[in-house]
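Here is a short report on one structure. Keep the viewer open while reading.

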Amino acid sequence: MTDVEFLALGLEGLTLVARGSVTEGMNRLDEAVTAALGGEVSDLEAVGNASCYVMRACEQVRDFERAAEWYERVREYFDRWRIPRSLSYCRLHLAAILTWRGAWVEAENELLSLFAEMTSMAPGAVEAGRARLAEIRRRQGKFEEADGLLDSVEGTTAALIGRAGLAFDRGEFEEAGNAVTRYFRRISANDRMQRLPGLEILVPALCRLGREDDARAATAELRGIAAAVNTNAARALAAMADGWVA
């Protein structure tokens, strides 16, 4: 296969994962990144893209173990070739995964490394990193710092979901639900995985507002996505939603 064919395989896998065909999609992604890191792909930028595809998919389905294993292999590859830029893009996904695992110090260190490496080369990556740092600050209860970071990325989908989380934590449940609704309008209807972070906030917000029927409907959708994903973290999220409704 050519470099372009391997990248197409990775993109196909990413699309399948987004639409809910997780096993089929991850198999394609594993094949693409194995070939890339194994020397079957000659273009180093293509290797970086394939690596980011699999890390992004792992983040979406919350497959923390698979992500950690791939990141170590990716880190070793790009350290050997001395190409920090490609590795820095992967730091975005690793930071999100570390945050969900509660490893906030490690996640913040990854983001600080990204900021140091990419401020001049890739401002878009730094912008995405700020949104991830805002999520860490929210979880730490540092709401003002989180607000400031989200102000710097205002208008992005990441800012919308960040605002929803902040509103919920502040007891502003109606605003939390409205922010999730705005977030859903910004993402593709076919991208089921992107709905997970919104549903994670929407279910408890609806419960706190006493909208039981709407909460049950959102929980049913979340449970369906979790069944397709079939990772421990996604199943735990569905169980938590069931708990909120109960």
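## Model and core

The model is predicted. Its largest nonpolar core has 86 residues. Within that core, Met26 and Leu222 touch the most other members. Helix 3, residues 44–61, supplies the largest share, 10 residues.

Leu222 shows what such contacts look like. Beyond four places in sequence, Leu222 touches Leu196, Leu199, Glu200, Val203, Leu237, Ala238 and Ala241.

## Positive phi in two loops

Arg62 has a phi near 60 degrees, a positive value in a residue other than glycine. Arg62 lies in the loop between helix 3 and helix 4. Its relative accessible area is 6%, so Arg62 is buried.

Asn230 also has a phi near 60 degrees, and is likewise not glycine. Its loop runs between helix 12 (212–229) and helix 13 (232–245).

Arg91 belongs to helix 5, residues 84–100. Arg91 counts as buried because its relative accessibility is 8%, and the cut-off for buried is under 20%. Leaving aside neighbours within four places in sequence, Arg91 contacts Tyr71, Arg75, Glu110, Ser113, Leu114 and Glu117.

## Salt bridges

The structure holds 23 salt bridges. One of them pairs Glu24 with Arg28, with the closest N and O atoms 3.3 Å apart. Glu24 and Arg28 are four residues apart in helix 2, so about one helical turn separates them. Both are partly exposed: Glu24 at 38% relative accessible area, Arg28 at 22%.

Arg66 pairs with Asp30, the closest N and O atoms being 2.5 Å apart. Arg66 lies in helix 4 and Asp30 in helix 2, so this bridge ties together parts 36 residues apart in sequence. Arg66 is partly exposed at 24%, whereas Asp30 is buried at 19%.

Arg163 and Glu154 meet in another salt bridge, at 2.8 Å from N to O. Shared partners join Asp147, Asp151, Glu154, Arg163 and Arg170 into one network of salt bridges.

Definitions and conventions
Residues are numbered from 1 along each chain as its sequence is written. This is a predicted model: local features need pLDDT of at least 70, side-chain atom pairs count only at pLDDT 80 or more; totals for chains, interfaces and linings use all residues. Side-chain values use heavy atoms; hydrogens and water are left out. A nonpolar core is a set of buried Ala, Val, Leu, Ile, Met, Phe, Trp, Tyr and Cys residues joined through side-chain atoms within 4.5 Å. Buried means under 20% relative accessible area, exposed over 50%, partly exposed in between (1.4 Å probe, protein chains only). Contact means heavy atoms within 4.5 Å. A salt bridge is a side-chain nitrogen of Lys or Arg within 4 Å of a carboxyl oxygen of Asp or Glu.
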